[in-house]
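These are short notes on the model shown below.

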Amino acid sequence: MHNPIRKAIANIFSKRMSPTSLQFRLTVELIAISVISLTSVSIWAGWRMEQTLINGHKQMLEYIAMRFPDQVAMYMETGGINAGIERTSNKLSTARLSILVKSAEGEVIAKSVNNPDNVVDIAAIVASGNIPTTPQVVQFADRYVVMCGNGLTINGKLVGQVYLSQDITNEQRQLNNGIYGLAMVSISATIILILAIAYRIRTALAPLAQMSQIASDISIEDLSIVKLQLAKAPDEIKGLAQAFNEMLFRLSESWEQQRQFVGNVSHELRTPLTVIGGYLQSLLRRGDNLSVYQTQAISTASAETERTIQMLQDLLDLARADSGNLHFRQSPVFLNTLVAEVAVMSEKVSDRPVKVSFSNQDSNPDVDQDDIVALADQDRLQQVLINLVDNAIKYSAHTVEIKLETKEEQAIIHICDRGIGIPLPHQQRVFERFYRSDDPSTRSRDGTGLGLAIAKSLIEGMNGRISLRSKPNEGSTFTITLPIWKPTL
């Protein structure tokens with residue numbers, strides 16, 4: 001019994017709620033309304049209990065106090081005023097009703113106590129202090145009494161004071177126990193209500209949280225396949241989910257049209273730009289009469305033309321990969337040799353050291369223990385490695401390291417740097433085309449935002465995977481995983 005309750009409570013409070021969230025506001029508002037309602041009901045119920053148990057005694061005592069002078073006047077006709085007071089006191093007193101009458105000088109005229117064991121001594125209460133003129137509940141030691149005291153006027157003359165005391169200890173204890181039980185029930189009901197409200201609101205808003213999670217995690221490749229399925233959600237949430245799915249479908253269509261447009265434009269622009277680049281290079285080689293300023297201008301134009309042509313080539317590669325027309329020549333690739341060659345080429349171009357380390361963890365009897373052979377397209381893989389090492393050098397002032405290892409029949413290449421790193425919110429998007437971080441430290445560097453997108457397409461085209469692990473100011477590690485080549489016998 002207790003375990004399901006503990007699990008429910010743990011599930012409700014397992015996630016922190018923001019004070020500005022809809023879930024937090026609805027929970028607090030409904031809990032406040034529920035607590036106020038339960039408190040009001042408890043107060044009203046307590047008041048009704050008091051009316052039922054106590055007020056009857058107050059009304060009876062008030063009636064006796066009002067009729068007491070008339071009774072005395074009736075009985076005094078046969079024996080004088082003191083005899084009338086004594087007879088009236090004895091007549092009206094009961095097992096729990098005590099009557100004390102004092103003269104104007106303070107002397108006791110009559111004292112009627114029929115059951116001294118169960119009734120508080122009225123004289124002791126009178127001697128203890130002020131006595132209310134209207135019936136009120138007074139606690140004396142461990143007893144409760146309804147008590148009042150008024151002047152006794154007979155035939156228009158004040159003859160003394162009459163004090164009435166009704167023992168209600170049992171009734172008051174029943175009232176206290178009832179109020180205590182009501183309070184405990186109210187507290188328990190409030191706690192259960194709080195848990196039920198918090199759980200119900202979290203359940204009701206779960207589809208919204210699911211939509212938010214999908215929206216934050218969805219990638220461009222998932223636009224056409226991701227759909228939000230909410231079979232048991234309310235109609236309003238289902239309508240929102242349907243609109244969300246339609247939005248994803250429209251985004252997928254727009255993205256597909258954009259890719260086709262970029263591919264077509266890249267194909268159409270590459271040829272004229274290649275011609276322009278050729279003429280600029282020819283002009284530089286044969287322009288003996290050009291001034292220094294003209295030579296510098298043509299050199300800049302030629303460099304930018306080559307850069308644009310390369311970007312268009314990258315876009316064409318991405319377009320071919322998207323359409324499945326980018327072909328790969330899968331063959332055994334000796335990664336030890338390839339990684340070493342990439343490191344040497346990168347060192348020559350950048351004048352920066354690139355460290356290479358090898359670790360062959362698996363024992364494969366078909367290949368040399370020092371060789372790691374993967375099944376890949378060597379040219380495409382070399383292109384990816386050069387791109388990643390170039391990025392590592394660009395964003396780090398320290399030595400770049402390439403680590404090569406095998407694990408569970410997979411070849412793994414790590415390109416590690418100790419540079420500026422990549423913040424977590426940007427790590428999921430660095431493989432998107434044209435994506436650039438807003439960080440000024442990265443904006444100042446050259447790049448089109450296509451390199452990692454191309455690397456991802458090429459590696460996945462070779463049945464591999466590429467991933468990133470990074471911490472700001474500690475560096476980044478790009479990991480390429482490729483299948484190990486297994487020779488056929």
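1. Strand β7 (residues 354-359) pairs with β9 in the parallel sense over six bridges; two strands count as paired if DSSP finds at least two bridges between them. Phenylalanine 358 is opposite leucine 404 of β9. Strands here are DSSP runs (E, at least two residues) and helices likewise (H or I, at least four), numbered from the N terminus.

2. The model is predicted: local features need pLDDT of at least 70 and side-chain atom pairs pLDDT 80 or more, while totals for chains, interfaces and linings use all residues. Residues are numbered from 1 along each chain as its sequence is written, and side-chain values use heavy atoms, with hydrogens and water left out.

3. Strand β9 covers residues 400-406, and six of its seven residues are buried (under 20% relative accessible area, 1.4 Å probe, protein chains only). β9 also runs antiparallel to strand β10 (residues 410-417), joined to it by six bridges. Isoleucine 402 has isoleucine 415 of β10 as its bridge partner. Three residues lie between the strands of this hairpin, where glutamate 408 has a positive phi near 50°.

4. The largest nonpolar core has 46 residues; Leu335, Leu381, Leu385, Leu388, Ile413, Ile415 and Ile480 touch the most other members. A nonpolar core is a set of buried Ala, Val, Leu, Ile, Met, Phe, Trp, Tyr and Cys residues joined through side-chain atoms within 4.5 Å. Helix α10 (residues 378-394) gives this core its largest share, seven residues.

5. Beyond its neighbours within four places in sequence, leucine 381 is in contact with Leu335, Leu338, Ala376, Ile459, Met462 and Leu482; contact means heavy atoms within 4.5 Å. In helix α13 (residues 451-461), the buried residues include Leu452, Ile454, Leu458 and Ile459.

6. What are the crossing angle and axis distance of helices α3 and α4? The axes of α3 (residues 55-75) and α4 (residues 81-92) cross at roughly 130° and come within 8 Å. Axes are lines fitted to C-alpha atoms, for helices over the stretch in contact, with angles from 0 to 180 degrees between N-to-C directions. The two helices are therefore oblique to each other, a class left after angles under 35 degrees (roughly parallel), over 145 (roughly antiparallel) and 65 to 115 (roughly perpendicular). The contact involves residues including Ile64, Phe68 and Tyr75 of α3 and Ile81, Ile85 and Leu92 of α4.

Definitions and conventions
Buried < 20%, exposed > 50% of the residue type's maximum accessible area, 1.4 Å probe, protein only.
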